[in-house]
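Work through the exercises below with the sequence and the model in view. Each task is followed by a stepwise solution.

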Amino acid sequence: MYLDDWIRSSWAIIYPEVCQICNERRANPDDGYVCENCISKITFINKSICDQCGNTFEGNLTECFNCSDCTFGRPHYKHARSPCTLEGPLQTLIHRNKYTQSQWMEPLFGTLIKNALSKYRSTFSVEIVLAVPLYPAKQRERGYNQSTWLAKIAAKELGAEFRGNILKRVKPTETQTRMSRRDRKENMKGAFKICTGSNLANKRLLLVDDVITTGATIDACAKVLMEAGAESVCALTLARGISRPFLTCELPF
Ligand SMILES: [Zn+2]
Ligand SMILES: [Zn+2]
């Protein structure tokens with residue numbers, strides 16, 4: 001029996017096989033304790049997207065397109081992609097994973113990441129996968145970085161190397177939930193550094209995090225990775241925040 005199986009067996013003792021979102025329908029550990037009905041309420045991104053930041057747009061864009069934020073803001077990452085939007089059951093699950101250290105939903109997160117990679121594998125084309133790190137004090141407080149778990153799943157799925165010793169967070173940044181795009185960018189300035197001894201020359205990297213909103217965090221990471229000689233940095237997040245980016249990205253016509 002693998003470690004994962006042991007952990008799931010212990011969850012089965014703690015949690016009855018009931019959906020942890022609606023507390024009504026039957027759900028099992030392999031589905032992350034979320035029933036089919038609640039899973040059907042997760043919003044998948046199937047719209048036209050900006051080729052760089054991955055933001056969604058109404059309409060059917062047949063040609064490769066970059067939004068005005070990417071055209072003028074020039075992010076340091078090549079492509080950012082997310083399978084779902086941050087709303088409904090997925091928002092609840094990510095919040096509980098982040099702030100209550102609950103891990104029972106991880107099988108569902110794993111499925112979402114694997115499905116996303118089956119769609120975006122060729123977009124990424126990476127050799128090394130890494131997670132957006134937490135500030136050390138926050139990591140100690142939470143005891144766990146949810147993005148590391150997602151990054152390891154992605155690395156395994158891509159047949160790439162996972163490395164947890166490339167990036168470090170050197171500034172205790174404030175929570176960005178209520179910040180504007182400009183304030184988020186300022187908040188993230190100087191937040192990340194490369195660990196000594198990381199040889200990134202000409203490496204193609206994939207950064208993994210749970211959520212992307214304006215992309216300020218991902219971009220701050222990508223900036224130092226590119227400055228350290230990486231060939232390219234792509235990003236994969238479980239979900240995409242939907243509040244502000246829709247308002248700031250405009251179609252070029
Ligand atoms: Zn349910
Ligand atoms: Zn864009």
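Two residues are in contact if their C-beta atoms, placed from the backbone, lie within 7 Å. The model is predicted: local features need pLDDT of at least 70 and side-chain atom pairs count only at pLDDT 80 or more, while totals for chains, interfaces and linings use all residues. Residues are numbered from 1 along each chain as its sequence is written, and chains are lettered from A and ligands numbered from 1 in the order in which they are written.

**Exercise 1. Describe the surroundings of Asp 209.**

Step 1. Locate the residue. Asp 209 is found in strand β9, residues 204–212. Helices (H or I, at least four residues) and strands (E, at least two) are DSSP runs, numbered from the N terminus.

Step 2. List the contacts. Leaving out residues up to four places away in sequence, Asp 209 touches Val 132, Ser 147, Thr 217, Ile 218 and Thr 237. Val 132 is 77 residues from Asp 209 in sequence, yet their C-alpha atoms are 5.7 Å apart.

Step 3. Assign burial. A residue is buried if 20 or more other C-beta atoms lie within 10 Å of its own, exposed if 12 or fewer, and partly exposed in between; the C-beta atoms are placed from the backbone. Asp 209 has 23 other C-beta atoms within 10 Å and is therefore buried.

**Exercise 2. Which strands pair with β10 in the parallel sense?**

Step 1. Apply the criterion. Two strands pair if DSSP finds at least two bridges between them.

Step 2. Go through the partners. β9 and β10 are parallel and share eight bridges; Arg 204 has Ser 232 as its bridge partner in β10. Strand β3 (residues 80–81) runs parallel to β10 and is joined to it by two bridges, with Leu 236 the partner of Arg 81.

Step 3. β9, helix α9 (residues 216–227) and β10 form a right-handed β-α-β unit. A crossover is right-handed if, with the strands pointing away from the viewer, the path from the first strand over the helix to the second runs clockwise.

**Exercise 3. Where does helix α5 bend?**

Step 1. Take the span. The expected span of a helix is 1.5 Å times one less than its number of residues. For the 19 residues of α5 (residues 106–124) a straight helix would span 27 Å, but the end C-alpha atoms are only 23 Å apart.

Step 2. Find the bend. α5 bends by about 55° at Ser 118, where the bend is the angle between axes fitted to the seven residues ending at a residue and the seven starting there.

Step 3. Identify what packs on the helix. Its buried residues include Leu 112, Ile 113 and Phe 124. Among the elements covering the buried residues of α5 are β3, β4, α7, β9 and β10.

**Exercise 4. Which residues of helix α4 are buried?**

Step 1. Take the span. α4 (residues 88–99) has 12 residues and reaches 17 Å, close to the expected 16 Å.

Step 2. Name the residues. Pro 89, Leu 90, Leu 93, Ile 94 and Asn 97 are buried in α4. They cover an arc of only 130° around the axis, so they lie on the same side of α4; the arc is that of the directions from the helix axis to the C-beta atoms.

Step 3. Name the packing partners. The buried residues of α4 pack against α2 (36–39), β4, α7 (146–158), β9 and β10.
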